[in-house]
Amino acid sequence: MAAATGLNRPSLYSAFGSKKAMYLKVIERFADQMHIHLREAGLSQTGANARMKEILSAAIDLYTGKSFHTDAAYGCFAITTLPAEIMDDTDFQSALSQVLTRTDRGFASLIRYEANGAMAEQDIQEVAQQLALVLHGLSIRARAGDSPDLLKRLAASAVDRLLPETSKSVVER
């Protein structure tokens, strides 16, 4: 960041108040951008299964450096960096919790909408959390160097198991 902004590190940290505050702001910004990116990807399809596959595919492209956002294959910034920091810091614990909760809620909202009353709320919540686990696992595997093709096959298989396709689509309602 120092090179990108032209500021030296102490000046950069003081602009945010501290190195920690800067890191937390970067996590927040990443989460916001990721949310927008994945939400837009999901809008291109209909049905929970197809929408979730598109969302995971867009995440994989981002995680593996195959998107217009980045060419770096680092996985999810929050998921690959925050867990190492949370043991002794409640601010980092809170930041990770917010990322996880936001993902769970977003996925639950999509499933609830597409299920249109056909799924119990507890099932919606559990499937959303399981899909979030898939998303976070994909991030780690991307960072470890797994190919986008493998990750997309794994993601599609998980979605098919957790959200079987239905004949009803948004357009038909």
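Me: In what order do the elements of the chain run from the N terminus on?
Reply: This is a predicted model. Its elements run α-α-α-α-α-α-α-α. That is eight helices and zero strands.

Me: How confident is the predictor, on average?
Reply: The chain averages a pLDDT of 85. At least 70 is reached by 82% of the residues.

Me: Which elements have the lowest and the highest mean pLDDT?
Reply: Helix α1, residues 2–5, is lowest, with a mean of 60. Helix α8 is highest, at 97.

Me: And where does pLDDT stay under 50?
Reply: Over residues 167–173. The model has 12 contacts beyond four places in sequence for that stretch. Where pLDDT is low, predicted coordinates should not be read in detail.

Me: OK, α8 then. How many residues, and how far does it reach?
Reply: Helix α8 has 15 residues. From first C-alpha to last, it reaches 21 Å, close to the 21 Å expected at 1.5 Å a residue.

Me: Which residues of α8 are buried?
Reply: Leu151, Ala155, Ala158 and Val159. They cover an arc of only 100° around the axis, so they sit on the same side of α8.

Me: What covers them?
Reply: The cover over the buried residues of α8 includes α4 and α7.

Me: And which residues are exposed on the other side of α8?
Reply: Asp149, Arg153 and Arg161.

Me: Switching to the core. Which members of the largest nonpolar core touch the most others?
Reply: There are 43 residues in that core. Met52, Leu56, Leu82, Phe107, Ile111, Leu131 and Leu163 touch the most other members.

Me: Which helices each supply at least two residues of this core?
Reply: α3 (19–42), α4 (48–63), α5 (77–81), α6 (90–115), α7 (121–143) and α8 (148–162).

Me: Take Leu163. What is it in contact with, leaving aside neighbours within four places?
Reply: Ala48, Asn49, Met52, Ile111, Val127 and Leu131. Met52, Ile111 and Leu131 are also on the list of core members that touch the most others.

Me: Now Tyr23. Where does it lie?
Reply: Tyr23 lies in helix α3.

Me: Buried or exposed?
Reply: Tyr23 counts as buried because its relative accessible area is 18%, and the cut-off for buried is under 20%.

Me: What does Tyr23 contact, neighbours within four places aside?
Reply: Phe77, Thr81, Leu82, Glu85 and Phe92.

Me: How far apart are Tyr23 and Phe92?
Reply: In sequence, 69 residues. In space, 9.5 Å, C-alpha to C-alpha.

Me: What share of the chain's contacts with a separation of 6 or more comes from residues 24 or more positions apart?
Reply: They account for 63%.

Me: What about His136: which helix, and buried or exposed?
Reply: His136 is in helix α7. It is buried, with a relative accessible area of 12%. Not counting residues up to four places away, His136 touches Ile79, Leu100 and Thr103.

Me: Which loop holds Asn116?
Reply: The one between α6 and α7. Asn116 has a positive phi of about 50° although it is not a glycine. Its relative accessible area is 44%, so Asn116 is partly exposed.

Me: Last one, the whole chain. What share of the residues is buried?
Reply: Buried residues make up 38% of the 173.

Definitions and conventions:
Residues are numbered from 1 along each chain as its sequence is written. This is a predicted model: local features need pLDDT of at least 70, side-chain atom pairs count only at pLDDT 80 or more; totals for chains, interfaces and linings use all residues. Side-chain values use heavy atoms; hydrogens and water are left out. A nonpolar core is a set of buried Ala, Val, Leu, Ile, Met, Phe, Trp, Tyr and Cys residues joined through side-chain atoms within 4.5 Å. Buried means under 20% relative accessible area, exposed over 50%, partly exposed in between (1.4 Å probe, protein chains only). Helices (H or I, at least four residues) and strands (E, at least two) are DSSP runs, numbered from the N terminus. Contact means heavy atoms within 4.5 Å. pLDDT is the predictor's confidence in each residue, from 0 to 100. The expected span of a helix is 1.5 Å times one less than its number of residues. The arc is that of the directions from the helix axis to the C-beta atoms.
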